[in-house]
Amino acid sequence: MMPFFNLFAIFFQIGFFGFGGGYAMLPMIFHHVQQFGIMTAAEFSRLVALSQVTPGPIAVNAATYVGYRYAGFGGALIATVAVVLPAFILVLISMHFIKKFEESKALDAVLYGIRPATLGLIASAVIFLSETSILNGPIISVSLFENASDYINRLPFAFFIGTIILAGKLKIGPIKLTLLAGAAGALFIR
Amino acid sequence: MKLLFELFFTFLKIGTFTFGGGYAMLPLIRKAVVEEKAWMTDDEMVDCLALSQSLPGVLAVNTAIYIGNKKRRFMGSLAATFGVTLPAFVSIIIILLFLDRIEENIYMLGAFEGIKAASAALIAVAAYNLGKRILKGKFEILIAAISFIIIVFAGINAVWGIVFGGFAGIGSYWYRQKKGDIR
């Protein structure tokens, strides 16, 4: 029963603090999978990659994946329900008590601080993902200064820069770019 | 009963075509809910999005809960939520069943490396676009920087970044109230 209870507690917490959507939940999920030794950093970044190409919001994909890895099909079910449950309860309660939604002063004050914090979370997701894709290890390490050429994975790094330009400057859609990166990776990255 | 099935299938479709962060799904949700099904007006949709974005959770899921509840109360919410999450659940389970075989394939591993790098870039672009919208002053920049630093360099649970932001928001509100900027 312990794995099921742990999974429920972890993903209920993530769902409850999941302001800012799926990308902001990634660093929370990363923290817990490492703490509980459910998966390595490398497998976590593969989870993110898989979630990008499979249907469904990334947070739900990730909950199913982690739950299955930790406790099989039952674990997948529990983690998925747990990550959605806080929103389910909160949306229903809010709709019951508020006829027309206008941010209250208290909620407004809290969100005023939470919104920029979610930006910090999303940016940290980029770092965690980079450490096992375009870089060769943690960002807090001396190897970046000692031998940068070994520390940076050249081809993935080129993919990273290319995607930044195509998505940021040329506004090409994320699904197209993900599929393009997958096809190019299959051909060129060994 | 018919409406429950409609809620389920409409959100099943939305869940199937949602990828990644899900913000790209907003036009599709609006089209299905406002234009095709006429479950809500555009004004009601604005209310729905305001609430969905102010509460924790995934946007596509929150709107499903909201619209389901609006149409058929609790059971409606359940049907819509089940529909919007099912594709994510099923697709991951199927992939995991075949993951061992995927790991043996050199082309698939290359594809993974490509997608990992592209994902990091896409999330970076999402962060940049969000930053352009919300980093309006020193307070916002400070909160974003502190939450980033404590997560990446101190390795604490990212949940604390959210808690910190919430308290900082309340603190700033008190401060501005005391100064007389707001009443």
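**View 1. The elements of chain A, from the N terminus on, run α-α-α-α-α-α-α-α-α.** In this predicted model, chain A has nine helices and zero strands. Its C-alpha atoms fill a box of roughly 55 × 45 × 35 Å along the principal axes.

**View 2. Here is the inside of chain A, where 54% of the 190 residues count as buried.** Take the contacts between residues at least 6 apart in sequence: 56% of them join residues at least 24 apart.

**View 3. Chain A meets chain B in a contact that takes 87 residues from chain A and 82 residues from chain B.** On the side of chain A that touches chain B, the elements giving two or more residues include helix 1 (2-16), helix 4 (58-97) and helix 9 (174-188) of chain A. Helix 5 of chain A provides the largest share of that side, 21 residues. Sorted by class, the side of chain A that touches chain B has 58 nonpolar, 24 polar and five charged residues.

**View 4. Now meet a pair of packed helices, helix 8 and helix 9 of chain A, with their axes 11 Å apart.** They pack at an angle of about 155 degrees; angles over 145 count as roughly antiparallel, and helix 8 and helix 9 of chain A are therefore roughly antiparallel to each other. Their crossing is right-handed.

**View 5. A closer look shows the residues that join helix 8 of chain A to helix 9 of chain A.** Helix 8 of chain A brings Leu155(A), Phe159(A), Thr163(A), Leu166(A) and Ala167(A). From helix 9 of chain A come Pro174(A), Leu177(A), Ala181(A), Ala184(A) and Phe188(A). By class, this contact has nine nonpolar, one polar and no charged residues.

Note on methods. Residues numbered from 1 in each chain as written. Chains lettered and ligands numbered in written order. Predicted model: local features only at pLDDT ≥ 70, side-chain atom pairs only at ≥ 80, totals over all residues. Helix = DSSP H or I, 4+ residues; strand = E, 2+ residues; numbered from the N terminus. Buried ≥ 20, exposed ≤ 12 C-beta atoms within 10 Å, placed from the backbone. Contact = placed C-beta atoms within 7 Å. Nonpolar A, V, L, I, M, F, W, Y, C, P; charged D, E, K, R; others polar. Axes fitted to C-alpha atoms, helices over the stretch in contact; angles between N-to-C directions. Parallel < 35°, antiparallel > 145°, perpendicular 65-115°, else oblique. Left-handed = near helix turned anticlockwise from the far one by under 90°.
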